[in-house]
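I opened my notebook to write down what I looked up in this structure. My entries follow in the order I made them.

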Amino acid sequence: TKMAALLDMRFLFRKVKNISSFIPRRHRMKKKWATNQPRIPSTRLALQSFDMNYGVQLGERWPSVRVSLLSEQKYGALINNFSAQQELMADLERQGAQDFVQEAFRTWGVTKDTPQSILLGTGGAVSDCDTGGDEADMPPSISPNVKCFVFPKGDITRFHSARPDSTGLLGYYLLDAASLLPVLALDVHDGHTVLDLCAAPGGKTLALLQTQACRHLALNDSSVSRTARLRRVLQSYIPREHRSEDQVRITSFEGRTWVELEGETFDRVLVDVPCTTDRHALMEEENNIFKRSRTKERQRLPLLQTQLLLAGIRAARPGGAVMYSTCSLSQLQNECVVERAVQLAQEELGISVHVQDLAPLARLFGDCFHFAKDLRLGELVLPHLTANFGPIYFCKLCRVN
């Protein structure tokens with residue numbers, strides 16, 4: 001009897017497995033992937049994509065870059081020239097940090113008091129796109145007055161949070177020190193009008209203001225919430241009298257159509273485009289562009305980037321300079337975008353643009369950052385465990401007269 005009962009139970013289980021065939025179709029539940037399948041974290045999707053693409057692009061360098069991207073990022077402290085800075089910088093030096101900009105010129109053999117006088121040549125006149133630095137004994141011309149302290153290679157000491165001075169302004173802004181390289185290479189001079197087309201969250205904007213060389217600075221971001229955040233950042237670092245409407249203008253226009261507002265106007269244009277933000281994509285689930293729901297948005301990035309760069313080119317005056325930058329390793333978002341934008345500017349708009357060689361700047365800061373070799377266009381800072389900055393790609397375009 002026990003054996004018969006066991007056989008009956010087995011027969012019953014087989015029937016239960018196929019019970020869905022006895023349920024009327026209108027009462028069956030459709031299996032929903034989103035609730036019934038295991039969710040793959042966006043960070044893991046990003047890593048899988050990077051392994052597949054960057055493994056081919058970077059070859060034997062990818063394992064080292066991969067480990068660095070998955071390790072703690074290194075930061076720099078951008079000094080706020082509008083705050084009480086002397087005592088602050090002395091304290092940072094006592095902690096072992098150094099101003100990487102001044103240290104680079106000191107290594108080159110330029111004294112502390114001469115970079116600005118040498119590099120600006122004419123003493124602040126509005127210049128064209130030619131920034132010098134072609135001769136082996138001359139450093140490249142860069143934007144003045146930018147100070148950023150970093151700890152030496154291999155030192156993973158963290159900076160403390162900035163504190164307000166007696167006027168309520170914060171003393172420094174923590175950011176990836178490599179993200180200052182596009183601002184330095186933009187070579188802003190006294191009297192320049194400057195457009196930051198994708199300004200939020202505000203690190204590069206703060207650096208532009210530290211130069212104290214912008215006659216007028218236009219800050220734009222298509223997101224209203226991001227421009228609100230940008231305003232809060234400026235309020236924490238810049239005195240009210242230095243961010244008046246005639247000096248600093250903040251807008252929330254669609255960057256791709258900026259030429260409808262102002263064309264052929266600015267001496268310098270910074271186009272720090274939205275990208276895959278590789279390090280963030282590997283470390284944070286929040287606002288991760290590798291979420292499955294954002295697949296189409298991610299695939300459209302190169303087109304958006306090309307359109308924004310073209311808008312930046314059209315906003316620059318003849319003889320002006322445009323700086324394109326991303327925080328991605330992707331060739332599709334870096335060199336390919338620059339090549340396509342230059343081609344479209346010539347063929348469809350009749351605008352001649354040439355790419356400036358930034359190799360002298362890479363040599364100048366080669367002791368602090370790890371630069372990729374043999375790029376077709378621009379420069380790329382690769383994350384490295386001893387100097388874990390980046391990735392930052394930047395390329396300077398000169399609009400021909």
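**Entry: aromatic rings.** I began with a definition: rings of Phe, Tyr and Trp (its six-membered ring) pair if their centres lie within 6.5 Å. I noted that the model is predicted. How many aromatic pairs does a search of the whole structure find? I wrote down 12. I then took up the rings of Phe-50 and Tyr-54. Their centres are 4.8 Å apart and their planes stand at 20°. Planes under 30 degrees apart count as stacked, so Phe-50 and Tyr-54 form a stacked pair. Both residues sit in helix α3, which covers residues 42-58. They are 4 residues apart there, so about one helical turn separates them.

**Entry: confidence.** The average pLDDT of the chain is 88. I also noted that 84% of the residues score at least 70. Where does pLDDT stay under 50? I found this over residues 115-127. The model has 27 contacts beyond four places in sequence for that stretch.

**Entry: α3 with α4.** I went back to α3 and looked at its contact with helix α4, residues 62-69. The two axes come within 9 Å and cross at roughly 145°. The crossing of α3 and α4 is right-handed. From α3, the contact uses Leu-47, Phe-50, Asp-51, Tyr-54, Gly-55 and Leu-58. From α4, Trp-62, Val-65 and Arg-66 take part. I sorted the residues of this contact by class: 6 are nonpolar, 1 is polar and 2 are charged.

**Entry: α9 with α10.** I moved on to helix α9 (residues 203-210) and helix α10 (residues 224-237). They pack at an angle of about 40°, and their axes are 10 Å apart. α9 and α10 are therefore oblique to each other. I recorded their crossing as right-handed. Which residues meet here? Thr-205, Leu-206 and Leu-209 of α9 meet Leu-230, Val-233, Leu-234 and Tyr-237 of α10.

**Entry: α13 with α14.** I looked up helix α13 (residues 301-315) and helix α14 (residues 335-349). The angle is about 55° and the axes are 9 Å apart. That makes α13 oblique to α14. α13 passes α14 in a right-handed crossing. On the α13 side I listed Pro-302, Gln-305, Thr-306, Leu-309, Leu-310 and Arg-314. On the α14 side I listed Val-337, Val-338, Arg-340, Ala-341, Leu-344, Ala-345 and Leu-349. The contact of α13 with α14 divides into 9 nonpolar, 2 polar and 2 charged residues.

**Entry: backbone exceptions.** I kept a general rule in mind: most residues other than glycine have a negative phi, and most peptide bonds are trans. Which residues are joined by a cis peptide bond? I found Ala-200 and Pro-201, with omega about 5°. Pro-201 has its place in the loop between β5 (192-196) and α9. A cis peptide bond also joins Gly-390 and Pro-391, with omega about 5°. I found Pro-391 in the loop between β11 (379-381) and β12 (392-399). Last, I noted Asp-187, which has a positive phi of about 60° although it is not a glycine. Asp-187 lies in the loop between α8 (181-186) and β5.

Methods. Residues numbered from 1 in each chain as written. Predicted model: local features only at pLDDT ≥ 70, side-chain atom pairs only at ≥ 80, totals over all residues. Heavy atoms only, no water. pLDDT = per-residue confidence, 0-100. Contact = heavy atoms within 4.5 Å. Axes fitted to C-alpha atoms, helices over the stretch in contact; angles between N-to-C directions. Helix = DSSP H or I, 4+ residues; strand = E, 2+ residues; numbered from the N terminus. Parallel < 35°, antiparallel > 145°, perpendicular 65-115°, else oblique. Left-handed = near helix turned anticlockwise from the far one by under 90°. Phe/Tyr/Trp six-rings, centres within 6.5 Å; stacked < 30°, edge-to-face > 60°. Nonpolar A, V, L, I, M, F, W, Y, C, P; charged D, E, K, R; others polar.
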